[in-house]
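Have a go at each task before you read its solution.

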Amino acid sequence: MPPHLPPSSPPHLPPRANDASGLEQNQFLTILSREDAQERFREALFSAGRQSGRLSQLRSLADALGMPLHGDVFAPGDVPPFDRSNVDGFALRAADVATASEDRPAVLVVNGETIACGTAPKLAVSPGTATPIATGGVVPRGADAVIMIEHSGVADDGNIAFRRAATPGQFIAYAGSDIAGGDVLLRAGTLLGAREIGILAAAGIAEVRVAAKPLVAVLSTGDELVQPGEPLRPAGVHDANGAIITAAVTENGGAAHFIGAFPDDEAVLEAAMRAALADHDMLILSGGTSKGAGDVSHRIVSRLGLPGIIAHGVALKPGKPLCLAVCDGKPVVILPGFPTSAIFTFHDMVAPVLRQMAGLPPRAENTVEASVPVRIPSELGRTEFVMVSLVEAANGLVAYPTGKGSGAITSFATADGFLRIEALADHLPAGSRATVQLLTPQLRLPDLVVIGSHCTGLDRVLTPLVRAGLGVRSLAVGSLGGLAAARRGECDLAPIHLFDAETKSYNTPFLAPGLTLVPGWRRLQGFVFRRDDPRFAGLDAAAEALRRALADPDCLMVNRNQGAGTRILIDSLLGPARPGGYWNQPRSHHAVAAAVVQGRADWGVTIRPVAETRGLGFLPLAEEHYDFALVAARRDRPAVIAFLAALQDPAVRRSLEEAGFTPA
């Protein structure tokens with residue numbers, strides 16, 4: 001494209017050669033690199049809101065099966081929405097039955113209510129009492145454990161005797177332990193199956209916005225084409241491209257409509273293209289994109305709408321004649337006529353755009369390393385993709401070239417994958433190690449594994465990786481649990497926020513050999529409470545709020561699980577004190593906030609973004625460092641490199657700042 005034209009402007013094509021013999025051809029005006037052509041095509045199609053967001057529809061869960069989500073779905077509330085019992089039994093305080101045994105049962109007074117499913121408790125569980133509760137019932141205030149009914153009996157005085165001890169949290173499912181309100185429930189592009197439908201229903205969601213399948217018209221062009229099943233005429237060939245491209249469109253989320261094969265008659269073809277484009281979201285042709293006298297498709301495209309042709313001629317082999325256009329907001333693509341060129345350029349250049357229109361994530365790239373046994377020549381200046389077949393040798397995989405030319409359909413159909421030769425190389429030497437892109441899907445393990453402390457900011461770093469097609473698994477087990485997993489080599493990174501009192505520093509003193517520290521962000525931990533709680537009204541210091549909480553025996557706290565960095569902070573604040581609710585130990589910041597919001601606890605410690613989201617009062621305690629312990633041996637893995645790049649990405653850093661975090 002000439003330098004003075006903006007990226008989305010169509011090139012001014014030279015006039016058609018006026019040569020009676022038809023032997024002359026107009027050369028391609030500008031040959032773009034593969035990357036430049038991709039960027040300009042996407043810019044013209046998706047910029048300024050074009051296409052993105054248009055192809056979607058709201059569907060009930062019953063009608064959404066098999067459809068991809070159009071956007072991320074966030075949980076509207078906690079699941080379970082309250083602390084609930086997992087068994088039929090009695091809700092009580094674990095301390096009251098700490099010494100209970102078969103020989104010396106603990107006897108408690110039965111409270112005057114029974115909590116059935118769907119019944120809100122009215123009475124708190126005070127010391128020395130127990131409340132009958134059904135499976136799924138709301139755990140009443142004051143209770144921190146449930147004992148199964150099988151382990152109880154009637155005492156001589158008519159009260160209830162318990163023959164077994166209980167531990168705090170026993171048989172209790174905490175609010176938000178399954179799904180935390182505000183968390184990403186399902187991500188954009190997720191195909192909705194029975195399991196996903198169940199998750200949405202459990203979260204109370206009745207309708208979701210799904211990506212509608214783009215309507216794609218497929219046309220073949222050429223006087224020589226004969227449809228499969230029909231006898232070949234002299235100089236005729238069967239139209240393989242129509243079937244191949246139609247199937248490939250369906251595989252990549254489109255609703256394909258094969259219009260047929262058309263001769264190289266400009267008027268007839270233009271009428272067919274205009275009609276197809278009017279009724280579809282995308283138009284794909286094969287053939288007629290070179291510059292010979294009979295190649296008319298590209299001339300028609302230049303008249304179908306603005307901005308028109310974005311790229312005509314790409315430095316690819318196979319695939320140089322590829323033509324990419326956007327006509328009044330709709331993509332129009334002319335693939336090369338030879339089958340291997342057509343199918344390869346579709347998968348490489350068109351399928352990613354189609355999948356984005358269909359709301360699907362990028363297709364997973366599966367690669368293996370292999371050696372090349374022979375010298376493979378390449379054309380300097382063109383990125384070349386070579387089809388290969390893989391065989392097993394003593395020293396690993398070997399990649400044999402199988403190319404038979406761009407006109408051979410078996411080159412693509414029988415290959416295991418392809419390797420890439422960069423445009424600046426004129427050959428690939430024999431004995432070279434090459435990365436082979438596989439054409440067939442395989443079982444895919446997570447690309448990136450993150451185990452450690454939970455933080456709402458982590459999703460803001462991982463989301464772009466997932467949208468880029470990486471498989472990500474994140475497990476919240478606390479800072480200490482994450483460090484242990486990292487030392488055992490079970491993860492790539494462990495998020496931690498551990499303060500060392502001796503050195504007065506965060507995280508670094510806790511690193512073991514083989515682990516390095518990657519700075520993450522700063523976040524505020526604070527004392528949280530209900531804004532209408534008169535005990536904390538008007539306070540502006542966490543120390544005073546903590547003093548008042550500890551002075552009131554009816555003021556219940558909600559703690560965090562052992563091993564969490566927040567738990568270490570809480571224990572340092574409390575010293576030897578063990579106020580009511582101390583043994584209530586949920587595993588996430590959301591669960592802490594839920595306990596306070598719902599009145600099951602009166603105060604706790606969590607991070608500012610969660611407190612603000614839940615409308616709680618927040619008094620800062622400490623700014624902590626939320627960093628990542630990186631397993632040094634995994635630093636060069638592509639997913640780790642992508643994660644480290646995401647931490648520095650300006651858009652990700654802005655997102656963290658908007659959420660209340662301070663990137664390091």
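**Exercise 1. A helix pair**

Which residues in H1 meet which residues in H6?

Before starting, note that this is a predicted model, where local features need pLDDT of at least 70, side-chain atom pairs count only at pLDDT 80 or more, and totals for chains, interfaces and linings use all residues. Residues are numbered from 1 along each chain as its sequence is written, and side-chain values use heavy atoms, with hydrogens and water left out.

Step 1: find the helices. H1 covers residues 34–46, and H6 covers residues 339–357. Helices (H or I, at least four residues) and strands (E, at least two) are DSSP runs, numbered from the N terminus.

Step 2: list the contacts, meaning heavy atoms within 4.5 Å. On the H1 side you get Arg 34, Ala 37, Gln 38, Phe 41, Arg 42, Leu 45 and Phe 46; on the H6 side, Asp 348, Met 349, Pro 352, Val 353, Gln 356 and Met 357.

Step 3: sort them. The contact of H1 with H6 has 8 nonpolar, 2 polar and 3 charged residues. Here Ala, Val, Leu, Ile, Met, Phe, Trp, Tyr, Cys and Pro count as nonpolar, Asp, Glu, Lys and Arg as charged, and the others, Gly among them, as polar.

Step 4: check the geometry. H1 and H6 pack at about 25°, their axes 11 Å apart. Axes are lines fitted to C-alpha atoms, for helices over the stretch in contact, and angles run from 0 to 180 degrees between N-to-C directions. H1 and H6 are therefore roughly parallel to each other (angles under 35 degrees count as roughly parallel, over 145 as roughly antiparallel, 65 to 115 as roughly perpendicular and the rest as oblique).

**Exercise 2. Another partner for H6**

Step 1: look for the touching residues. H3 brings Asn 241, Ile 244, Ile 245, Ala 248, Val 249 and Glu 251, while H6 brings Pro 339, Ala 342, Ile 343, Phe 346, His 347, Leu 354 and Arg 355.

Step 2: The contact of H3 with H6 divides into 9 nonpolar, 2 polar and 2 charged residues.

**Exercise 3. Charged pairs**

How many salt bridges does the count come to?

Step 1: apply the rule, a side-chain nitrogen of Lys or Arg within 4 Å of a carboxyl oxygen of Asp or Glu. The count is 29 salt bridges.

Step 2: Asp 348 and Arg 34 form a salt bridge, at 2.7 Å from N to O. Asp 348 sits in H6 and Arg 34 in H1, so this pair ties together parts 314 residues apart in sequence. Both Asp 348 and Arg 34 are buried (buried means under 20% relative accessible area, exposed over 50%, partly exposed in between, with a 1.4 Å probe and protein chains only).

Step 3: Arg 141 is in the loop between strands S6 and S7, Asp 602 is in the loop between helix H12 and strand S36, and 461 residues separate them. Arg 141 is partly exposed at 28%, whereas Asp 602 is buried at 1%.

Step 4: widen the view. Arg 141 and Asp 602 belong to a network of salt bridges that also links Arg 530, Asp 533, Arg 535 and Asp 552.
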